Amino acid sequence: MHATFLIALYAFAGAAAAGLVGAAVLRLIRRRSLTAALAVVAAVAVLAMLAGTLAVAWAMFLSPHDLSVVTTVVAMAAVVSLATALLLGRWVVARSRELAAAARSFGDDGDYAAPSTPATAELDALSRELAATSARLAESRERERALEASRRELVAWISHDLRTPLAGLRAMSEALEDGVAADPDRYLRQIRAEVERLNDMVGDLFELSRIHAGTLVLAPARISLYDLIGDALAGADPLARRHGVRLVGDAVAAVPVEVDGKEMSRVLGNLLVNAIRRTPADGTVAVAAERSADGVVVSVTDGCGGIPEEDLPRVFDTGWRGTHARTPPAGAGLGLAIVRGIVEAHRGRATVRNIPGGCRFEVILPPAGA
């Protein structure tokens with residue numbers, strides 16, 4: 001038992017010395033290729049065995065012949081181990097380079113194509129993560145392109161919508177200044193109306209910028225939808241009368257919600273104005289509110305004749321105004337984008353779908369206390 005303990009002690013001492021040397025070498029070459037690291041590991045294993053064997057041989061006073069035999073066996077094992085480590089290292093490095101080359105496609109707006117050569121489980125897992133990242137980046141690039149196109153359209157439409165009232169204001173102000181206005185009071189009323197229109201447009205732009213910047217601050221309070229919708233219908237009634245559109249709000253349940261009253265009134269107002277402007281004379285715009293499995297649903301149904309199916313996903317995009325046939329003289333395509341932004345800030349969602357003769361906009365809000 002005592003002899004066995006001494007053998008183990010001498011073997012451990014020799015192997016530990018080789019291991020310390022190997023650890024120092026690995027630290028020095030830690031930035032080198034994996035092939036070199038594997039070669040060092042294989043060499044350390046063989047040297048540890050050789051050092052332990054030599055220490056035991058010296059302690060046991062082996063004959064020179066026996067020591068030569070042991071050394072020869074260890075040397076052959078070292079050759080095989082090093083060759084195997086080098087082959088494994090080169091194979092892993094080759095697979096890593098293939099993976100790196102495939103990953104470079106990310107920067108070229110391309111899709112990630114996984115290397116066809118089999119790799120280790122770790123490299124294969126990394127390849128799957130890169131493929132998932134590539135898919136997310138592709139989706140992000142597509143959203144960025146759509147957003148950039150929407151911004152360009154918005155700038156073009158805003159520029160067009162601003163040019164017309166500004167030209168009118170200049171002409172009327174020059175007429176008043178030169179004293180050639182036949183009815184100055186009518187000119188002043190028209191100037192006031194144009195200024196109000198420009199003020200509304202600037203207000204929409206400011207609201208949308210707050211939504212996009214994430215600085216929209218809500219002050220939620222418990223409110224009855226019946227009262228909220230009643231106020232919105234009263235505010236939209238003059239516009240509906242001018243367009244010859246009937247407003248119907250008979251299917252509104254007295255459902256409590258916890259929302260910012262001012263912002264939600266803006267949502268309902270934008271939806272009603274949009275519906276009234278799209279509905280022909282003698283048409284009907286209906287508002288309803290009810291509980292559902294998803295929460296509280298507020299709907300506005302119009303008689304616009306429907307929206308092309310390919311345009312439905314873009315209805316709430318910034319600057320979208322539909323076809324020229326559906327685009328009124330006023331408006332910069334901001335109202336529905338503001339609706340979606342405010343509703344999402346309330347942890348809800350806004351949707352639209354076609355129905356016979358028109359379309360139905362829905363706002364789904366979480367119930368009070370949710």
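Reader: How many helices and strands does the secondary structure of the protein chain come to?

Author: Happy to start there. The protein chain has eight helices and seven strands. Keep in mind that this is a predicted model.

Reader: What share of the 370 residues is buried?

Author: Buried residues account for 34% of the 370 in the protein chain.

Reader: Among contacts between residues at least 6 apart in sequence, what percentage joins residues at least 24 apart?

Author: That figure is 69% for the protein chain.

Reader: Where does H6 bend, and by about how many degrees?

Author: Look at Asp237, where H6 bends by about 40 degrees. A proline, Pro238, follows within four residues. Just after the helix, Gly244 takes a positive phi of about 70 degrees.

Reader: Which residues of H6 are buried?

Author: First, the general idea. An α-helix has 3.6 residues a turn, so residues three or four places apart point the same way. Now the case here: the buried residues of H6 are Leu225, Leu228, Ile229, Ala232, Leu233, Ala236, Leu239 and Ala240.

Reader: And what do the buried residues of H6 pack against?

Author: Their partners are strands S1 (221–224), S2 (246–252), S3 (256–259), S4 (284–292) and S5, together with helix H7 (261–278).

Reader: Turning to rings, how many aromatic pairs are there?

Author: Ring centres have to lie within 6.5 Å to pair, and planes over 60 degrees apart count as edge-to-face. By this rule there is one aromatic pair. The rings of Phe316 and Phe361 have centres 6.0 Å apart and planes at 85 degrees, so this pair is edge-to-face.

Reader: Which parts does the pair tie together?

Author: Phe316 sits in the loop between strand S5 (295–301) and helix H8 (335–345), while Phe361 belongs to strand S7 (residues 358–365), so the pair ties together parts that are 45 residues apart in sequence.

Reader: Are Phe316 and Phe361 buried or exposed?

Author: Under 20% relative accessible area counts as buried. Phe316 is buried at 7%, and Phe361 is buried at 4%.

Reader: Which residues is Leu365 in contact with, leaving aside its neighbours within four places in sequence?

Author: Leu365 is in strand S7 and is buried, with a relative accessible area of 2%. Leaving aside neighbours within four places in sequence, Leu365 is in contact with Val259, Met264, Asp294, Gly295, Val296, Val343 and His346. The C-alpha atoms of Leu365 and Ala350, 15 residues apart along the chain, are separated by 8.9 Å.

Reader: What does Thr301 touch, not counting residues up to four places away in sequence?

Author: Thr301 is found in strand S5 and is buried, with a relative accessible area of 17%. Not counting residues up to four places away in sequence, Thr301 touches Thr284, Val285, Ala286, Ile355, Cys359 and Arg360.

Reader: Finally, is Arg128 buried or exposed?

Author: Arg128, in helix H4 (residues 121–178), is exposed, with a relative accessible area of 51%. The C-alpha atoms of Arg128 and Ala114 are separated by 8.0 Å, and the two residues are 14 apart along the chain.

How values were computed: Residues are numbered from 1 along each chain as its sequence is written. This is a predicted model: local features need pLDDT of at least 70, side-chain atom pairs count only at pLDDT 80 or more; totals for chains, interfaces and linings use all residues. Side-chain values use heavy atoms; hydrogens and water are left out. Rings of Phe, Tyr and Trp (its six-membered ring) pair if their centres lie within 6.5 Å; planes under 30 degrees apart count as stacked, over 60 as edge-to-face and the rest as tilted. Helices (H or I, at least four residues) and strands (E, at least two) are DSSP runs, numbered from the N terminus. Buried means under 20% relative accessible area, exposed over 50%, partly exposed in between (1.4 Å probe, protein chains only). Contact means heavy atoms within 4.5 Å. The bend at a residue is the angle between axes fitted to the seven residues ending there and the seven starting there.
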